[in-house]
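Thanks for coming. Please have a look at the structure before I start.

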Amino acid sequence: MLITHNHQLMRAEAGKAAANLNGLVDVGLLLEKLLTNARRLVRAEAGTVYLVENGQLRFVTSQNDYLQRLIISCQELPFLGSNVQIDRSTLAGYCAFEKTALTVNDTNDIDPNLPYQHSKFIDNFSNYDCRTIMSMPLISMNGDLLGVLQIINPLDEGGRIIDFVKEDEEVLSFFAANAAMAMEKALMLRRMTLLSVRLVSGNDPSETTGHALRVSRLSTELYSHWSLKNKLPESEREYILNILPLAAMLHDVGLRYIPREIMVKPGRLEPAERTLMESHVVAGARLFSKPKTSLDRLILSIIIDHHERWDGRGYPGGNQEMPVIPDVIYGTIAPPSQAVSPLRNRGKKGEEISIYGRILAVADVYDALSSPRLYKESFDESLAVQIMEQESGHHFDPQVIDSFMAIRPQLKKIRLNYPDNEIFSELD
Ligand SMILES: [Fe+2]
């Protein structure tokens, strides 16, 4: 009777833990929370999430309290991003192939006659024994496999690894079924956003989904560091970290309206052509001129501000040839020194530029410097960083450059993790 009561309580907890994911639109943040909540339900020390991509399982999220105590961040684990086949040979593969939960209470003692075995590769590399593993399929409303959740090493009160019991499997399977619904929504939104970016890339071959994803992740990391350093309230940080990745992907959506011959023209643009090209910020902002949600408002401020410069010499503010931008788009803050004719655009500088625009500027230029373009080869990492640092206080907000310099290794890793060709395959 007591077990039944406990079981009901755990099921209610599992329902709450899954409902907690509903407002999340960023896939990365959602998977981190999904894993944290699942581990908390059964007091597990570690866990992993795989996503289905191109017919394989991609290792995308990992948490491990034991390794974290040794100051080994799971983000640094080299096998993140690696793939597992969907077949019966591994625990995650079997769970995905059969779309069924699989519990193994001692990975060192799996019957050799069973089709699956536990690969010791990751355990050996990280010096961590994944002894007890529950694998749970994450399945969409219409039965498609979205991924696999693996929960590793449940602990007792004394911190010793214990076996999973039948109730754990039932509770986690209830959680996974509900969490998968939130996951499916976030994956759909990400796919729709990437498809919008692909429409833009039809006009400008350098404006790829890879660039959009890199700028999205780079700006999210920069915001995360900057907002911690500036002690922003945790609720505000979390709110922005949830919607910024999507918003940032759309920073150049206005390029869709710029003639292709200008986008692909080699060499320098004539002044009139340059103004036309720069008007992509106005064209993009017009799409969001009647913002209805906070995501719309964030996208709008990113589009309109991402080419402004800290010293005031950016655009659209600094270019008076630009089509006039209505106040509703451009913002209403006009310092007296810049209160020019209402028929002309007001230049923005310093903190008049939204923090999101200031952050996007750093992410966008860093990625542009480090990637090949029609008119140039990519710069090597040290030269790109040197240019970014030199532009602190000129093109860029010095505080954002401080964050950039503090997290350079993470930023470099993001760039390398999202090569152009691989990102395209996410949509195909
Ligand atoms: Fe742009």
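How many of the 10 residues of strand S1 are buried? The answer is 8, so to speak, and strand S1, residues 44-53, is mostly covered. Keep in mind that this is a predicted model.

Now the partners of S1. On one hand there is strand S6, residues 145-154, which runs antiparallel to S1 and is joined to it by 7 bridges. Gly 47 has Gln 63 in S2 as its bridge partner. S1 and S2 form a hairpin with 2 residues between the strands, and Asn 54 in that hairpin has a positive phi near 50°.

On to the helix. H8 covers residues 234-249, which is 16 residues. From first C-alpha to last, H8 reaches 23 Å, close to the 22 Å expected at 1.5 Å a residue. Where does H8 bend? The bend is at Ile 243, by about 40°, and Pro 245 follows within four residues.

As for burial, the buried residues of H8 include Ile 240 and Asn 242, and then Leu 244, Pro 245, Leu 246, Ala 247, Ala 248 and Met 249. What do these buried residues pack against? There are helices on the list from several parts of the numbering: H2 (27-41), H6 (166-201), H7 (209-229), H12 (294-305) and H14 (355-370).

Note on methods:
Residues are numbered from 1 along each chain as its sequence is written. This is a predicted model: local features need pLDDT of at least 70, side-chain atom pairs count only at pLDDT 80 or more; totals for chains, interfaces and linings use all residues. The expected span of a helix is 1.5 Å times one less than its number of residues. The bend at a residue is the angle between axes fitted to the seven residues ending there and the seven starting there. A residue is buried if 20 or more other C-beta atoms lie within 10 Å of its own, exposed if 12 or fewer, and partly exposed in between; C-beta atoms are placed from the backbone. Two residues are in contact if their C-beta atoms, placed from the backbone, lie within 7 Å. Two strands pair if DSSP finds at least two bridges between them.
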